[in-house]
Amino acid sequence: MEGATISFVTWPDGKVSQASLTVAGEDMARQKVIAEWMPERYFGDAINGFMANAIWRGMCAKGFKSWTIRIGADGSPELDEH
């Protein structure tokens, strides 16, 4: 899968969650980092949308951040923090 954006989540200490790296957007990066600790095997695949947003707000309060790198037409990157 290819795209003009790369999204990922960083831990409170600034380290990148390798599980969160995706070209599918910030919401998917957030869901993937949540799934890293709440695996489908035990919690099912329903941790998305409303439920993921609620968990994500709590993670933000603890210092997690999501980022997106956008690659412009000229190849220059631009970083967005959310």
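The points below go from the whole chain to its parts.

The model is predicted: local features need pLDDT of at least 70, side-chain atom pairs count only at pLDDT 80 or more, and totals for chains, interfaces and linings use all residues. Residues are numbered from 1 along each chain as its sequence is written, and side-chain values use heavy atoms, without hydrogens and water.

**Overall fold**
- The protein chain has three helices and three strands, in the order β-α-α-α-β-β; helices (H or I, at least four residues) and strands (E, at least two) are DSSP runs, numbered from the N terminus.
- Buried residues (under 20% relative accessible area, 1.4 Å probe, protein chains only) make up 28% of the 82 residues.
- The C-alpha trace spans about 45 × 25 × 20 Å along its principal axes.

**Strands**
- Strands β1 (residues 5–10) and β2 (residues 65–71) pair antiparallel over six bridges; pairing requires at least two DSSP bridges.
- β2 also runs antiparallel to β3 (residues 77–81), joined by five bridges.
- Thr-68 of β2 is the bridge partner of Ser-7 and stands opposite Asp-80 in β3.
- The β2–β3 hairpin has five residues between its strands, and Gly-75 in the turn has a positive phi of about 90°.

**Helix contact**
- The axes of α1 (residues 26–37) and α3 (residues 49–61) come within 10 Å and cross at roughly 75°; axes are lines fitted to C-alpha atoms over the stretch in contact, with angles from 0 to 180 degrees between N-to-C directions.
- Contact (heavy atoms within 4.5 Å) involves Arg-30, Gln-31, Val-33 and Ile-34 of α1 and Gly-49, Ala-52, Ile-55, Trp-56 and Met-59 of α3.

Conventions: Buried < 20%, exposed > 50% of the residue type's maximum accessible area, 1.4 Å probe, protein only.
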